[in-house]
Amino acid sequence: MADIEHQEDEGRVLQTEGQPDEPSHESTPAEAASLQARQRHRIAHLEEKLEALEAGCASKERQSNYYLAEGRAIRCVITLFDNVEDLVTENDRRYDLNDDEESNVEQVFHPSSYQDQLQVGYIALTHTLLWFHKKGVEMEYDEYAHMMKTLQQGADSARGDNTSKLKTLVAEWVNREFKPVDPVDPDDKHSCGFINNACGKLLCPAEFDWNNPIVKAGIQDHSEGYIVTDLSFPAFLYDKYQTNPDDLEEGLFKGRILLQGYKAVFTSPSSAKDIEGDGDGVDVIRNNRLTKKSFAGVKVRFTLSSVTSWWSIDGDFDYIQFWRTIIDFFEKPPSREAHRWVDKLLEWWTRKVFGRSHRDNISNTAKANMSVNALARQRAQRDDAPFDSP
């Protein structure tokens, strides 16, 4: 019985909880005004907090958009495949090893070729994103992790956009130049690759002749001796898509479609229509670690293939190794003669991409008679005229 009465008491308490106490008397005008003032103050305080939260969210969104935009450069001018985190990890590892070597002089560090490329990539990263090192050191871990994730998203997004852009353009270039019986359909990757005669000619390894029916059948059937791997330079890398078996450097990296692919991504799609220009220009390509050229080579190769989505492996062809081969070709020439050849090739690319500059050929007399300088002289003469009059 006592339990029943106790439960009834609890029920009455619960029913009355949360309900405002009934005023013991009518509020006076002064009390009502005071209550309204407190409510207005509370509302104003909440509005300030809301504005601060919205400002914080907007600031974070602006920061994220900035990192996304900056990250888009990574796949183009720094590294096509490596993650940003891997570049930083390799640099940190070397920094730690240097500290260890100072305390243990007998320890010898022999980095692999891949580790060297990661380190070069990190240096290119800090040269491209000048703020990266300083900001990374100053950030808290959560902010740093967010920055790294967003940079990576920007990098991968740019690679996807460029792949999509080239898919349409390369098909257009191939159809216009080769006029194949079966045109390349940019929306159907199954119409590309070695099954398409025009694409097959461009993808054919430099050591083979695509016009030879035996070679063509062997490549299409993956026959022994005709397996296409990253150990072969595809024909589209060569000038006029032809190779000299006795001199495989001749015409290498001068292919028309390779140059068009580069210009479409790094200057503009419309500029890719004009690749016949030649002249003297400032060598800016070397300053971008040759990643741009290797980027174009890998992207054009992928676009010509029948692979439907971006992947680092296409059957027996390894795109990562292909990319590293191109990088090493330019950055690690084995001799002085090879180094001179690379320099000449880079000069050729600079002229082809940026055209001829005739500015240095203008004489001082000709410059003085040009309208800008002539106008400056005329204005000076008018200003001096009042002082020269008697």
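1. Contact here means heavy atoms within 4.5 Å. The structure is a predicted model, and the points below should be read as applying to that model.

2. Asn162 makes contact with Cys76, Val265 and Phe295, once its neighbours within four places in sequence are left aside. The residue belongs to helix 7, which covers residues 141-178.

3. The protein chain has 390 residues, of which 35% count as buried. Its secondary structure comprises 15 helices and two strands.

4. The protein chain exposes about 24,300 Å². Carbon and sulfur atoms account for 51% of that area.

5. A patch of negative charge sits on the surface, where Glu47, Glu48, Glu51 and Glu54 gather. One of these, Glu51, is part of helix 2, residues 29-71.

6. Is Glu51 buried or exposed? Its relative accessible area is 54%. The exposed class begins over 50%, so Glu51 is exposed.

Methods
Residues numbered from 1 in each chain as written. Predicted model: local features only at pLDDT ≥ 70, side-chain atom pairs only at ≥ 80, totals over all residues. Heavy atoms only, no water. Patch = residues over 30% accessible without salt bridge, like charges linked within 9 Å, V, L, I, M, F, W, Y side chains within 5 Å. Areas by Shrake-Rupley, 256 points an atom, 1.4 Å probe, with all protein chains shown as cover. Salt bridge = Lys/Arg side-chain N within 4 Å of Asp/Glu carboxyl O. Lys, Arg positive; Asp, Glu negative; His and termini not counted. Charge placed at Lys NZ, Arg CZ, Asp CG, Glu CD. Helix = DSSP H or I, 4+ residues; strand = E, 2+ residues; numbered from the N terminus. Buried < 20%, exposed > 50% of the residue type's maximum accessible area, 1.4 Å probe, protein only.
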